[in-house]
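Trainee: I would like to learn how to read a structure like this one, going from the whole chain down to single residues. Could you take me through it step by step?

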Amino acid sequence: MKNTLVSILTLMAMILCISCDDYETYGEKKEKERDAIEAFIAKNGIKVIDEATFEAKGQQTSMDNNEYVYLEKSGVYMQIERKGAGDKLEENKQVNILCRYAEYNINDTVYQTGNLYSSVSPDKFNVIRKGQNLTASFTQGMMKSYYDSSVPEGWLVPLLYINVGRQTSADEEIAKVNLIVPHSKGQSYAMQSVYACHYTITYQRER
């Protein structure tokens with residue numbers, strides 16, 4: 001009986017040790033995320049510029065040099081592929097934005113969701129800008145279906161720099177950006193599981 005009890009206690013101790021080895025702290029998950037972002041940047045030949053350089057260039061990022069600006073406050077890396085038609089988002093007015101996107105999980109190196117290259121209807125969210133603060137929620141689309149109605153903060157960052165009008169002539173194009181979004185500014189699953197995503201997103205104002 002004594003030997004049986006000792007065996008059971010030993011087995012329980014082994015299981016506990018294995019469980020402890022498998023457990024990752026939040027700090028360890030964040031470190032993995034940082035490593036994944038750095039690896040993604042290196043693999044894709046991304047040149048990171050600081051905000052001072054970005055401002056000096058007229059809030060532009062060079063596509064030829066594959067530049068992304070690192071926005072320190074949000075931790076988001078942003079490349080403006082097209083500035084867009086129309087004007088910047090006005091203040092204190094609710095605006096409906098239509099967007100298409102492609103979402104890539106940087107940590108797991110896998111494409112997750114998106115409608116950028118499909119005939120599926122665009123996502124739509126309403127947004128209000130008050131100074132540098134933006135509040136938004138999805139009203140339709142894949143992001144709302146897969147996650148929830150909360151628009152990731154990382155998706156709102158470009159709205160301070162791009163135009164959100166509509167095409168009025170053949171030579172105009174709607175805004176398009178590429179983003180590296182850390183979990184803290186991402187969608188609900190990314191926030192829970194601590195992983196970064198790369199997004200390609202187009203934005204335009206609804207009629």
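Trainee: In which helix is the place of Asp-35?

Mentor: Keeping in mind that this is a predicted model, you will find Asp-35 in helix α2, which covers residues 26-43.

Trainee: Is Asp-35 buried, partly exposed or exposed?

Mentor: A residue is called buried under 20% relative accessible area and exposed over 50%, with partly exposed in between. Asp-35 has a relative accessibility of 43%, and therefore counts as partly exposed.

Trainee: Which residues gather with Asp-35 in a patch of negative charge?

Mentor: On the surface, Asp-35 gathers with Glu-28, Glu-31 and Glu-38 in that patch.

Trainee: Where is the place of Asn-126, and is this residue buried or exposed?

Mentor: Asn-126 belongs to strand β6, residues 123-130, and because its relative accessible area is 16%, under the 20% cut-off, Asn-126 is buried.

Trainee: With which residues is Asn-126 in contact, leaving aside its neighbours within four places in sequence?

Mentor: Asn-126 is in contact with Gln-94, Val-95 and Asn-96, and also with Thr-135, Ala-136, Ser-137 and Thr-139.

Trainee: How many helices and strands does the protein have, and what percentage of its residues is buried?

Mentor: The protein has six helices and nine strands, and buried residues make up 43% of its 207 residues. Among contacts with a separation of 6 or more, 61% are between residues 24 or more positions apart. As for the surface, the protein exposes about 11700 Å², of which carbon and sulfur atoms supply 50%.

Notes. Residues are numbered from 1 along each chain as its sequence is written. This is a predicted model: local features need pLDDT of at least 70, side-chain atom pairs count only at pLDDT 80 or more; totals for chains, interfaces and linings use all residues. Side-chain values use heavy atoms; hydrogens and water are left out. Helices (H or I, at least four residues) and strands (E, at least two) are DSSP runs, numbered from the N terminus. Buried means under 20% relative accessible area, exposed over 50%, partly exposed in between (1.4 Å probe, protein chains only). Contact means heavy atoms within 4.5 Å. Accessible areas come from the Shrake-Rupley method with a 1.4 Å probe; for residues, only the protein chains shown count as cover. Patches are made of residues with over 30% relative accessible area and no salt bridge: like charges are joined within 9 Å, nonpolar side chains (Val, Leu, Ile, Met, Phe, Trp, Tyr) within 5 Å. A salt bridge is a side-chain nitrogen of Lys or Arg within 4 Å of a carboxyl oxygen of Asp or Glu. Lys and Arg count as positive and Asp and Glu as negative; His and the chain ends are not counted. The place of a charge is taken as NZ of Lys, CZ of Arg, CG of Asp or CD of Glu.
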